[in-house]
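Trainee: I would like a close look at a single part of this model. Please keep it brisk.

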Amino acid sequence: MPPAPEITPPASAPDDRRTGLPALRTWRAMYWFVLGVFALWVTLLTWLTRHFA
Amino acid sequence: MNAVDYLVMFGVLVAIAAYGMWRTRGQHDLKTYVKGGETHWLTIGLSVMATQASAVTFLSTPGQGYESGLGFVQNYFGAPLALIVISIVFLPIFRRLNVYTAYEYLGQRFDAKTRLLGAALFLIQRGIGAGITIYAPAIVLSTVMGWRLDLTILCSGVLVVAYTVTGGTPAVNLTQKYQIGVIFAGMVAAFFMLLAKLPAGLTLHEALTVAGGFHKLDAVDYSFDPAKRYTIWTGVFGGMFLALSYFGTDQSQVQRYLAGSSLRESRLGLMFNALFKIPMQFFILLLGALVFVFYQFEQPPVFFNQTAWHQQAAGAQGAKLRALETDFNAAHVEKQQHLHEWVAAERAGDDRAANTAQAAALAAHQRTEAARAATKAALREADPKTPTTDADYVFITFIVDHLPHGLIGLLVAVFFAATFSSKSGELNALGSTTVVDFYRHVHQLRGTSRPDAHYVAAGKWATAFWGVAAIIFAMSVTLAENLIQFANIVASIFYGVVLGLFLVAFFLKWVRGTAVFWGALAAQLLVFVLYATLSISYLWYNVIGCVACMLFAVALQLFLPKAQRI
């Protein structure tokens, strides 16, 4: 049985390892920021639902 | 619409299309034609957003806000999570293997037959979807404006096909950037005009209080009731599943973010959507909820598809329809009186009076809704083919009846711009997949590859073929009411299996081509059989197709004779 084509983690170019943004420099920080904004939206929408119910 | 509106509408649409054609003329390189040039992350982000947001988004979603409130926003709760997964897992692999299409990756990971299967499933479901993308807004706009449906479809279809064929991906990305700009400008202008049209002295807080009193601001539902269509749980889990399928495996989206000049640009384009998708949908739904408030203080029609109502009112059901309209108007006038009492009591801080007035307004509202339901029943009785859902007509009716000329033209341009942006993305992907995964692939297998210019020409012919097919489909269908649902059903029947193929490719590295190919075919067959025999929500076929594909592939890999485990 021939080996399956190996899917290894990509060898990122140096420029790709950083976001290039001044505040959120790493991708990990970017993903946490996106999750934080998502949680904030859910909180705000929940408040809107209850406040005007 | 008057001459100013037509001037604004044609000016905006033709200028964007012509500029796109001119800037991207003379494409002879397949990589540029299919993958685009060195695209900036903001262009990618706007392009991804524009491909997803069709005219239906801007016509139907405010209507949904008007009828059902903000709850539909929960459908998008899974999108940020899915986009993060795609950014971490899918995108780096697509870029590292330098693929032109998502299905090319299946060929590299498995084999040629699995690649062709993935591409074929995409072509079937997206080919049908392309016809519906152009038909759905055309039926609403032609009905309200009194235009000929076939000419509306033909004119809008020919323009979008022209620039998509000549310029390929660079033209699609470039025009989408300006189209989404027009869309944002139009929707923001409509929002401020709507606020200005609310009764004098009514503050935004009071408008939201009225909307909330009629449950139009119920955005998040934490209940576990499986009968409810939109809850936070269906949104996060079901929405994530759908978004993974759509953004991760649908070539119309994959092609947008593979256009990035680097992995960084593509990722930032996806994160732009992860951040702004929910607020955008919330804003459009809120617009609908505010249109609802506006029509509490103005007299709305008993049925927003006025053309259909007038047609039947002139027939045998005329007396009944006019009597229902009288009942509706009387209940509405009574509701308005109670609304003014309610707002006055709120301003005076008199909670007891406010509650009493609100209860009276809600009771009157129930009578207006009963009159609307009876009207729909009467319309159905008069002619079973008459469309009896009018939510798609709410926003366009408000625009035509209450906004100034010039802005009407701009907002009709918004609906066409949204049609063009999603349609061009679809046609571009259909043409690319046809050439890259079938035509060029067969040449490569036979060892008869041709120069790039040949495949660019083939790509243009393939895109034109799909464009003409979509126009013919749109001009020949007669389904007036269930087209959007039909499109979602078709997508759900195929999406699950395609996602299953990709998840096996990414996460089950020991499963090979033969097992996943037959597993996917068996899963697709199972979905067809279940669809024909069960009466469950079509959204479940996404889950069933994906899980079945993965399970069948694993089982076949374990039990296939050793010689066939490749």
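Trainee: Which residues form a nonpolar patch on the surface, and with how much accessible area together?

Mentor: The model is predicted, so local features need pLDDT of at least 70 and side-chain atom pairs pLDDT 80 or more, while totals for chains, interfaces and linings use all residues. Residues are numbered from 1 along each chain, chains are lettered from A in written order, and side-chain values use heavy atoms, without hydrogens and water.

The patch consists of B:L151, B:L154, B:V158 and B:M475. Together they have about 330 Å² of accessible area (Shrake-Rupley, 1.4 Å probe, only the protein chains shown as cover).

Helix α8 of chain B, residues 149–197, gives the most: three residues. Helices are DSSP runs (H or I, at least four residues), numbered from the N terminus. B:M475 sits in helix α18 of chain B, residues 452–476.

Now the interface. Chain A and chain B show zero salt bridges across it.

Terms used: A salt bridge is a side-chain nitrogen of Lys or Arg within 4 Å of a carboxyl oxygen of Asp or Glu. Patches are made of residues with over 30% relative accessible area and no salt bridge: like charges are joined within 9 Å, nonpolar side chains (Val, Leu, Ile, Met, Phe, Trp, Tyr) within 5 Å. Helices (H or I, at least four residues) and strands (E, at least two) are DSSP runs, numbered from the N terminus.
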